[in-house]
Amino acid sequence: EGESKWEQVESPDRFVSKEKKFEAGSPIAVGRAVTVVDASIEECTSWDYLLMSREARRGHQVFGGLDRKVVKLTEHSQLFNVCYNLGIPAFEPREFLSDMLWKYSEGRDIIETINASTFHEDFPREQQHVRASVSSLLVYEGLREKNGVNQTRVTHTVQVNLGGNIPSFAMNARIAETLSYV
């Protein structure tokens, strides 16, 4: 009793396992997706970086994106300010401000991408928006080659607080959509 268990999330890709934790009435949801990709860790992280390209920016609107700003802080970090319309009647748009950092492990066989909510004086909360938060960890782990092909295990874990009492149907749809990233 009082214990949340991971619940499987239907995945359109049979090679990707997805699961979530969410309690009805809570603004917080946690999701995790795991897969093995036929590519090196460098190819996987390059693909991830390209998701922040102009092409991805155009696709941002498809998922309810209203605004998106990216500021390069260092060679290994960027600041992301994004805003989404959740598609729920009478709900204000949700705005996220996150610092994204990526790094190699010492053995250079793992790359981690960490996305954490932050505050920044150049990005005050828009008056008509609710400031939501997201923390995520993407781990790219190099595996042994299989039949001469590089293999990488990708694990994406994300915690989202959309700020407010979010209906279960909306949270379930959002967490499944967020996990589709992998």
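These are my notebook entries on what I looked up in a predicted model.

**Ground rules.** I number residues from 1 along each chain as its sequence is written, and I work with side-chain values that use heavy atoms, with hydrogens and water left out. Since the model is predicted, local features need pLDDT of at least 70 and side-chain atom pairs count only at pLDDT 80 or more, while totals for chains, interfaces and linings use all residues.

I took helices (H or I, at least four residues) and strands (E, at least two) as DSSP runs, numbered from the N terminus, and I called two strands paired if DSSP finds at least two bridges between them. Strand β6 (residues 94-104) pairs with strand β7 (residues 110-117) in the antiparallel sense over 7 bridges, and I found Ser 98 with Ser 117 in β7 as its bridge partner. The hairpin of β6 and β7 has 5 residues between the strands, and there Arg 108 takes a positive phi near 55°. I then followed β7 to strand β9 (residues 133-146), with which β7 pairs in the antiparallel sense over 6 bridges; Ile 111 stands opposite Tyr 140 in β9.

**Rings.** I looked for aromatic pairs, where rings of Phe, Tyr and Trp (its six-membered ring) have centres within 6.5 Å, with planes under 30 degrees apart counted as stacked, over 60 as edge-to-face and the rest as tilted. The structure holds 1 such pair. For burial I used relative accessible area (buried under 20%, exposed over 50%, partly exposed in between, with a 1.4 Å probe and protein chains only), and Phe 96 is buried at 8%. I also checked for a charge over a ring, meaning NZ of Lys or CZ of Arg within 6 Å of the ring centre and within 35 degrees of the ring normal; the charged end of Arg 32 sits over the ring of Trp 6, 4.0 Å from its centre.

**Salt bridges.** I counted a side-chain nitrogen of Lys or Arg within 4 Å of a carboxyl oxygen of Asp or Glu, and the whole structure gave 6 salt bridges. One of them joins Lys 72 and Glu 75 at 3.1 Å, N to O; Lys 72 is exposed at 53%, and Glu 75 is exposed at 58%. Another joins Arg 131 and Glu 95, whose closest N and O atoms are 3.7 Å apart. Arg 131 lies in strand β8 (residues 130-131) and Glu 95 in β6, so this pair ties together parts that are 36 residues apart in sequence. Arg 131 is partly exposed at 22%, whereas Glu 95 is buried at 3%.

**Cysteines.** Where do Cys 44 and Cys 83 stand, buried or exposed? I found Cys 44 buried at 7% and Cys 83 buried at 2%. With a disulfide taken as a pair of cysteine sulfur atoms within 2.5 Å, the count comes to 0.

**Ser 40.** I placed Ser 40 in the loop between β3 (28-37) and α1 (41-50), where Ser 40 counts as buried at 14% relative accessibility. Leaving aside residues up to four places away in sequence, Ser 40 touches Asn 150 and Thr 152, a contact being heavy atoms within 4.5 Å.
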